[in-house]
Amino acid sequence: MIIADQELVGRAALLAATGHHPFARHVIRPGARPRGWRRDDLVAWLLPTDTGPMGGAIGAGAPAVDLFAALVAEGALGPGQWVQLPRTDPDTLTGRFPVARLDEWDFLWTDAAPPAQADEERVVRLTAADHPALAALIDEAFPSTTSRPGDPGVVDWYGIRDGDRIVACGADRSRGDIGFLAGLTVAPDRRGRGLGAALTAGMTRALRARYDQVALGVYTDNVGALRLYRRLGFTGTLPRSSVRLA
């Protein structure tokens with residue numbers, strides 16, 4: 001049984017309840033028909049997607065776990081579906097719902113243009129003709145990423161060329177009403193030369209022309225990337241625990 005102080009209906013109500021938080025603006029797309037709940041300082045939601053419902057929450061971790069455990073128990077969430085929790089101690093999930101995978105990451109965002117970076121002017125928007133070269137770079141440099149050429153969730157690809165070769169790339173996965181960067185990578189033999197900073201800054205500046213906020217996600221143990229992104233102005237931080245249900 002779901003215990004909540006208030007049931008929330010629709011995107012506008014959920015955004016208002018979160019204070020128009022960038023994470024909520026990103027994951028709850030315009031036109032979405034979410035179910036939502038407020039409990040103390042927790043705001044949680046269940047979004048319909050093409051692969052089944054996806055849960056999310058902003059606020060305290062313990063009541064979020066309670067709420068989604070109730071949704072699993074009533075069958076509203078099931079195996080293979082994802083829940084985006086506030087950062088949660090893995091031990092608190094034991095016995096609450098079955099976990100197939102647990103990822104700890106940070107949602108970072110910026111409201112400002114980044115400081116100028118060397119080689120930023122080399123960042124260009126790529127086209128479908130570049131997809132084979134993109135795929136080769138991603139296979140070599142970032143094989144675990146879910147951002148791939150042909151992915152319908154990717155709005156645009158950006159990259160840095162060295163002659164005929166693409167040596168750095170990133171995906172614009174903007175949805176909702178903020179910009180979102182994903183799949184940022186640099187060829188292994190070109191790392192340590194500032195291309196990651198140039199790519200991130202160039203893409204952020206391009207998306208800032210269309211959105212008031214730009215965000216990205218980074219695994220918590222990727223200390224070098226966290227340091228880089230914060231240096232480029234991504235100082236807003238929301239710690240996340242993503243759970244794939246077993």
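This section describes the fold, charge pairing and selected residues of a predicted model.

The chain contains six helices and twelve strands. Its C-alpha trace spans about 60 × 35 × 30 Å along the principal axes. The radius of gyration is 19 Å. A compact globule of 246 residues would have a value near 18 Å, so the chain agrees with that expectation. Buried residues account for 50% of the 246 residues. Contacts between residues at least 6 apart in sequence were also examined. Of these, 67% join residues at least 24 apart. The accessible surface comes to about 11,300 Å². Carbon and sulfur atoms contribute 51% of that surface.

Charge was considered next. The chain carries 28 positive and 28 negative side chains. The centres of the two sets lie 2 Å apart. Side chains of opposite charge can pair when their charged atoms come close. The structure holds 17 salt bridges.

One of these salt bridges joins Glu120 and Arg205, with the closest N and O atoms 2.5 Å apart. Glu120 sits in the loop between strand S6 (99-110) and strand S7 (123-125), and Arg205 in helix H5 (residues 195-208), so the pair ties together parts that are 85 residues apart in sequence. Arg205 has a relative accessible area of 30% and is partly exposed.

A salt bridge also connects the side chains of Asp156 and Arg125, at 3.6 Å from N to O. The pair links distant parts of the chain: Asp156 belongs to strand S8 (residues 156-162) and Arg125 to strand S7, 31 residues apart. Arg125 is partly exposed, at a relative accessible area of 49%. The exposed class begins over 50%, so Arg125 at 49% remains in the partly exposed class.

Asp172 and Arg210 form a further salt bridge, their closest N and O atoms lying 2.8 Å apart. Here too, distant parts of the chain are linked. Asp172 is in strand S9 (residues 165-172), whereas Arg210 is in the loop between H5 and strand S11 (214-219). Arg210, at 41% relative accessibility, counts as partly exposed.

Trp37 lies in strand S2 (residues 35-39). Its relative accessibility is 4%, so Trp37 counts as buried. Trp37 and Pro152 are 115 residues apart in sequence. Their C-alpha atoms are 30 Å apart in space.

Leu102 is found in strand S6. At 29% relative accessibility, Leu102 counts as partly exposed. Leaving aside residues up to four places away in sequence, Leu102 touches Pro90, Leu93, Ser241, Ser242 and Val243. By contrast, 28 Å separates the C-alpha atoms of Leu102 and Arg231. Leu102 and Arg231 are 129 residues apart along the chain.

Backbone angles were examined last. Most residues other than glycine have a negative phi. His20 has a positive phi, near 55°, and is not a glycine. His20 lies in the loop between helix H1 (11-17) and helix H2 (22-27). With a relative accessible area of 46%, His20 is partly exposed.

Asp119 also has a positive phi, of about 70°, although it is not a glycine. Asp119 is found in the loop between S6 and S7. That loop also holds Glu120, the salt-bridge partner of Arg205.

Technical notes: Residues are numbered from 1 along each chain as its sequence is written. This is a predicted model: local features need pLDDT of at least 70, side-chain atom pairs count only at pLDDT 80 or more; totals for chains, interfaces and linings use all residues. Side-chain values use heavy atoms; hydrogens and water are left out. Helices (H or I, at least four residues) and strands (E, at least two) are DSSP runs, numbered from the N terminus. The radius of gyration is taken over C-alpha atoms; the globule rule is 2.2 Å times the number of residues to the power 0.38. Buried means under 20% relative accessible area, exposed over 50%, partly exposed in between (1.4 Å probe, protein chains only). Contact means heavy atoms within 4.5 Å. Accessible areas come from the Shrake-Rupley method with a 1.4 Å probe; for residues, only the protein chains shown count as cover. Lys and Arg count as positive and Asp and Glu as negative; His and the chain ends are not counted. The place of a charge is taken as NZ of Lys, CZ of Arg, CG of Asp or CD of Glu. A salt bridge is a side-chain nitrogen of Lys or Arg within 4 Å of a carboxyl oxygen of Asp or Glu.
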